[in-house]
Amino acid sequence: MDKNRKVHQFKNPVLNWIEFRLPIISYFKKEYGDYPMPKNCNYFWSFGALATITLVTMIVSGIFLAMNYTPHTDMAFDSVERIMRDVNYGWLMRYIHSNGAAFFFIIVYIHIVRAMYFGSYKYPRELNWILGVFIFLLMMATSFLGYTLPWGQMSYWGATVITNLFSAIPFIGEGLKTWLLGDYNVGNATLNRFFALHYVLPFVIFGVVGLHVAAVHVHGSNNPDGIDIKTNNDSVNFFPYMLIKDTVAMCAFGVAISAVIFFGPNLMAEVDNYIPADPLVTPAHIVPNWYLAPFYAILRAVPDKLGGVLLMFGAIVILFVLPWLDRSKVRSCNYRPIYKWFMMGFFVNFFALGYVGMLPAEGLYLLIARVGLLYYFGFFFIITPFVGWIEKPSKLPLSISDVYAKNIATNIGGGEKGIPSPAMQKDTNL
Amino acid sequence: MAKKPKNKRRDFLQLSTVTLGAVGTAAFIWPFLKSMSPAEDTLAAGSTEVDISAIEEGQSITIKWRGKPVFIKKRTKDEIDAAKMVQASDLRDPQDDADRVQKEEWLVLVGVCTHLGCVPLGQKVSDMKGEYDGWYCPCHGSHYDTSGRIRKGPAPKNLDVPPYTFLNDNTIKIG
């Protein structure tokens with residue numbers, strides 16, 4: 001080891017002792033203390049922190065649920081009912097966990113919307129985006145596995161429908177499905193392995209989240225104006241400024257999720273899942289969790305089994321290549337007068353797909369799903385590359401500080417382009 | 001040049017070591033993958049004998065075989081005629097009614113929709129039977145006819161016919 005290595009010096013000798021042996025103190029100071037955040041970041045930038053907090057909450061509540069849960073087809077449903085009725089605060093653990101999953105998706109969807117609208121996926125943060133999509137995929141897999149565990153009617157038939165998607169693959173499909181289930185249909189072998197995988201995947205997510213955060217810290221966070229930090233004037237330290245801001249967001253989130261957990265814990269639950277699983281009776285409408293409904297709508301919009309499955313998975317896989325489909329160098333949609341509206345249209349369309357995904361696939365709903373499907377893929381394959389090519393973006397501010405200088409100038413009635421802003425003068429002094 | 005044979009020997013050793021390591025790892029992974037396939041007791045799940053003497057014409061019962069629902073239907077004359085009238089070549093999964101039954105009044109089907117595995121409706125009198133008066137899958141709207149053949153909707157295949165034999169006039173052995 002290099003004896004000339006520079007060791008950070010802290011006031012506290014205990015920290016120094018640790019730092020000399022494992023430079024973890026300086027790492028945390030650099031990544032979570034002095035880490036520069038663009039000072040124009042709004043509350044959209046708190047959703048990464050909220051997602052992390054929710055992930056930890058899900059892992060903790062899940063571990064405590066697992067202490068009382070039995071992954072056997074004869075006992076799973078009853079053990080969940082026992083958690084609800086007899087285990088001390090079991091009802092709270094379960095409602096935190098079930099509603100926490102829904103809120104986890106709400107937060108992550110907002111986080112993704114933020115990344116798309118403000119162009120966070122563009123150079124140099126493409127790998128960061130890819131890791132994020134990967135986390136999203138893992139989340140969907142984990143939530144699906146977890147939804148099977150209570151062994152109600154929706155659990156059973158949801159698992160049946162989703163695992164049957166694999167049987168659409170030519171030649172190997174049936175064999176693959178049987179291998180995944182460990183039986184010819186969803187049964188005890190399936191429940192057992194789903195429980196094991198549902199327990200382990202969140203820790204995999206946690207690991208990928210670590211990479212996701214490490215990757216964003218390399219080039220720093222994006223911001224609503226989508227321009228880089230140029231001077232110290234453009235940023236504030238993560239501690240205390242952003243930590244405090246994230247804490248405010250966390251409090252608001254806590255109020256929202258508590259309202260649901262305590263006053264409407266079954267708002268987002270399906271009534272049929274309080275009926276024990278019955279392999280001989282399919283519920284009239286198999287409804288996916290609302291947060292997976294847009295993809296379910298795409299599956300049902302296609303009148304062909306393999307085609308529907310391919311497009312459904314394609315709808316997620318397409319996200320991986322978004323950084324290369326978008327040819328515009330301007331990150332933030334605030335400066336993209338045309339693409340901005342297509343982007344908003346994409347969000348509305350996704351919402352509409354989710355809505356019809358929860359309703360029967362017939363008549364008008366089917367038509368909406370098909371139009372939505374066309375827009376979804378058209379947005380990625382046609383609109384995104386094409387608009388980036390023809391659009392003339394509006395003028396970007398010179399620096400993040402300049403944004404504020406302009407705002408101040410406009411507010412006091414000035415704002416002529418010839419007048420140098422105070423911030424710009426300050427920059428030159430540095 | 002004198003070094004060359006020595007390098008070759010080292011290259012060979014390195015390559016063979018890495019290869020052996022890779023093969024060993026693959027061999028180590030195999031049992032884990034294989035353990036996820038259906039276990040012996042699952043494979044051995046046996047056959048089921050069903051007493052069909054109480055089934056009236058037009059009536060259909062559901063029994064459980066290897067964890068799956070099996071429909072046994074005693075078809076009416078009209079239903080048999082409707083099934084026979086269809087040209088097999090017009091169907092998505094072409095099959096004559098005669099190839100799907102042993103005795104034409106008795107139709108035995110695995111009651112699992114070939115689309116995504118739901119149990120189609122049509123067993124009860126009050127159920128929706130679809131446009132072809134057979135079975136209708138409520139999940140994604142597949143219609144099956146009185147021979148259990150797919151006629152409309154997303155399912156790619158006809159309802160499966162399980163292996164079965166008539167032990168006598170009143171008993172069917174499924175499996």
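Over all chains the count of salt bridges comes to 15 by the rule applied here, and the model in which they are found is a predicted one. Across the interface of chain B and chain A, however, the rule finds zero salt bridges, although seven residue pairs, both members at pLDDT 80 or more, are in polar contact there.

**The interface of chain B and chain A**

- The two chains bury about 2100 Å² between them, and 63% of that area is on carbon and sulfur atoms.
- In terms of residues, 24 from chain B are in contact with 23 from chain A.
- Across this interface, seven residue pairs are found in polar contact, counting those with both residues at pLDDT 80 or more, and on the side of chain B that touches chain A, α2 (40-43) and β3 (68-74) of chain B each supply at least two residues.
- The residues on that side of chain B divide into 13 nonpolar, eight polar and three charged.

**A salt bridge within a helix of chain A**

- The side chains of A:Glu81 and A:Arg85 meet in a salt bridge, with an N to O distance of 3.0 Å.
- Both residues belong to helix α4 (residues 76-85) of chain A, and because they are four residues apart in that helix, A:Glu81 and A:Arg85 are separated by about one helical turn.

**Salt bridges that link separate parts of chain B**

- B:Arg75 forms a salt bridge with B:Asp97, in which the closest N and O atoms are 2.9 Å apart.
- This pair links distant parts of the chain, since B:Arg75 lies in the loop between β3 and α3 (77-85) of chain B and B:Asp97 in the loop between α3 and β4 (106-110) of chain B, 22 residues apart.
- Both partners, B:Arg75 and B:Asp97, are buried.
- A salt bridge is also formed by B:Lys103 and B:Asp169, whose closest N and O atoms are 3.3 Å apart.
- B:Lys103 is located in the loop between α3 and β4 of chain B and B:Asp169 in the loop between β8 (164-168) and β9 (171-174) of chain B, so this pair ties together parts that are 66 residues apart in sequence.
- With 28% relative accessibility B:Lys103 counts as partly exposed, while B:Asp169, at 60%, counts as exposed.

**A salt-bridge network in chain A**

- Salt bridges that share partners join four residues, A:Lys122, A:Asp326, A:Arg336 and A:Glu391, into one network.

**The domains of chain B**

- Chain B is divided into domain 1, covering residues 1-37, and domain 2, covering residues 43-174.
- The C-alpha centres of domain 1 of chain B and domain 2 of chain B lie 54 Å apart.

**The surroundings of A:His217**

- A:His217 is found in helix α9 (residues 188-219) of chain A, where A:His217 has a relative accessible area of 15% and is therefore buried, the limit for that class being under 20%.
- When its neighbours within four places in sequence are left aside, A:His217 is in contact with A:Glu31, A:Tyr32 and A:Tyr35.

Terms used. Residues are numbered from 1 along each chain as its sequence is written. Chains are lettered from A and ligands numbered from 1 in the order in which they are written. This is a predicted model: local features need pLDDT of at least 70, side-chain atom pairs count only at pLDDT 80 or more; totals for chains, interfaces and linings use all residues. Side-chain values use heavy atoms; hydrogens and water are left out. Contact means heavy atoms within 4.5 Å. Buried area is the accessible area (1.4 Å probe) that two parts lose on being put together, summed over both. A polar contact is a pair of N or O atoms within 3.5 Å; within protein, one must be able to donate a hydrogen and the other to accept it, and residues adjacent in sequence count only if both atoms are side-chain atoms. Ala, Val, Leu, Ile, Met, Phe, Trp, Tyr, Cys and Pro count as nonpolar, Asp, Glu, Lys and Arg as charged, and the others, Gly among them, as polar. Buried means under 20% relative accessible area, exposed over 50%, partly exposed in between (1.4 Å probe, protein chains only). Domain bounds come from an automatic or database domain assignment.
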